Amino acid sequence: MSQYKSEFLKTLDERGFIKQITHPDALDEYCLKQTPIGYIGFDATADSLHVGSLLQIMMLRRLQQAGGKPIVLMGGGTTKVGDPTDKEKSRPLLTDEQISHNIESIKRVFEPFLTFGDGPTDAIMVNNDDWLSKIGYVEFLRDYGVHFTINTMIKQETVDRRLRNEQPYTFLEFNYMLLQAYDYLELFRRHQVRLQLGGSDQWGNIVNGVELTRRVANGEAFGLTSHLVTTASGGKMGKTVDGAVWLNADRKSPYEYWQFWRNTEDADVGRFLRLFTDLPLDEIEKLESLEGAEINNAKIALANAATALLHGEQAARDAERGAAAVFGAGDRDVALPTTEVPSGEFEKGMLVAAAFNLAGLAKSNGEARRLIKQGAARVNDAVVSDENAVVSADDLSDDATVKLSAGKKRHALLKAV
């Protein structure tokens, strides 16, 4: 049974989110008696967030479900500096145009998870460039620099590790923690925010914001972090052999996203169901108790629920149907990632290696040839052993598609148009 009284903290506790809280009892009281207003910051270093950010998005969702008001802070300003937390080297700096493009693309990810609007518990999205770009440097140092000591800052794990390893830690990066703390103060002033959420790697930055808000504005502020999610085998959540699992559909198709969750390790199923779906806890307990081959039913339930949250119920059903067609008896399914190719390419013949590259199953023709050498490349479920084999019009099915498979789990269609 949870030690917390408020619905928000009780839910986070029971589902396994909570790692650290700055003032647990006071935060519980705040969430119980008022409309809690909390935020999480997301820097725009790419044009999509990946599944590593999903835990944070789900915490904002839990906040809104519990009657709180979530604020999505887009780091238009802090992205210009680059978050050094847990990084071994400086991030490449982006132009203002790249950052704006990335923010516009990232915005779409939040819409399935949060209800945005003007109501008291509706989510809002703000951009810290609105205030950071207007700061006078000397004034900022005079007003806020006095609240930070170098002694404390160099003890933060990332800074300490870089210094011990004699790796560069730029003055630009050193300023990041000041700007992130100032974000909290600014959000407290503008939107009455009293809670910052984040991963446990952000604990030091969050505490800085809590303390700055208390000292400068005499505001009661709180911080809460979640566990950093790793897999049962010790791997980083969301990292696959193909790279990051992106949340935008144009970077990772609903089918591929479904397959990512379907391939969850047995020992992670229950935990991921609690963190990444809205399924009731009693239903999750039944699913995670399944043993042997039946655990696959729990994995399918996880894949369906997680995919439905991001891409919708229909996309989840299509993905499950597509997987059934690939792995069991059944017809070819349009839920597989599909690339359109001019029909003339099939008529003259296309190297299998080039087809795999085009379909996104290999990053280059050379990588595709290695798949062929390893016996891991198949066309219409037939193993390809000749590196010079071609895909022709004869390989097209009645729906003008050809199915390509790399190993047992990665599949795609080429469609003649």
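Which residues in H13 meet which residues in H15? In this predicted model, Val269, Phe272, Leu273 and Phe276 are the residues of H13 that take part, and they meet Ile295, Ala298, Lys299, Ala301, Leu302, Ala306 and Leu309 in H15. Sorted by class, the residues of the contact of H13 with H15 divide into ten nonpolar, no polar and one charged. The helix H13 covers residues 269–276, and it packs against H15 at an angle of about 20 degrees, with the two axes 10 Å apart. That angle makes H13 roughly parallel to H15, because angles under 35 degrees count as roughly parallel. The crossing in which H13 passes H15 is left-handed.

Helix H15 runs over residues 295–311, and at 1.5 Å a residue its 17 residues should span 24 Å, which agrees with its end C-alpha atoms being 24 Å apart. H15 is mostly covered, with twelve of its 17 residues buried. The buried residues include Ile295, Ala298, Leu302, Ala306 and Leu309, and these are also among the residues of H15 that H13 meets. Lys299 and Asn304 of H15 are buried as well. After H15 comes Gly312, whose phi is positive, near 105 degrees.

A further helix, H12 (residues 254–262), also packs against H15, here at an angle of about 140 degrees and with the axes 8 Å apart. H12 and H15 are therefore oblique to each other, and their crossing is right-handed. From H12, the residues Pro254, Tyr257, Trp258, Trp261 and Arg262 meet a set of residues in H15 that includes Asn296, Lys299, Ile300, Leu302, Ala303 and His311. The residues of this contact of H12 with H15 divide into nine nonpolar, four polar and two charged.

By class, the contact of H1 with H3 has four nonpolar, two polar and two charged residues.

The remaining points concern the backbone in two loops. Most residues other than glycine have a negative phi. Glu166, although not a glycine, has a positive phi of about 55 degrees, and this residue is found in the loop between helix H8 (157–164) and helix H9 (171–174). With 74% relative accessibility, Glu166 counts as exposed, because exposed means over 50%. Asp381 is likewise not a glycine and has a positive phi, in this case of about 70 degrees. The loop that holds Asp381 lies between strand E11 (377–379) and strand E12 (382–383). The relative accessible area of Asp381 is 44%, and Asp381 is therefore partly exposed.

Technical notes:
Residues numbered from 1 in each chain as written. Predicted model: local features only at pLDDT ≥ 70, side-chain atom pairs only at ≥ 80, totals over all residues. Heavy atoms only, no water. Nonpolar A, V, L, I, M, F, W, Y, C, P; charged D, E, K, R; others polar. Helix = DSSP H or I, 4+ residues; strand = E, 2+ residues; numbered from the N terminus. Expected span 1.5 Å × (residues − 1). Buried < 20%, exposed > 50% of the residue type's maximum accessible area, 1.4 Å probe, protein only. Axes fitted to C-alpha atoms, helices over the stretch in contact; angles between N-to-C directions. Parallel < 35°, antiparallel > 145°, perpendicular 65-115°, else oblique. Left-handed = near helix turned anticlockwise from the far one by under 90°. Contact = heavy atoms within 4.5 Å.
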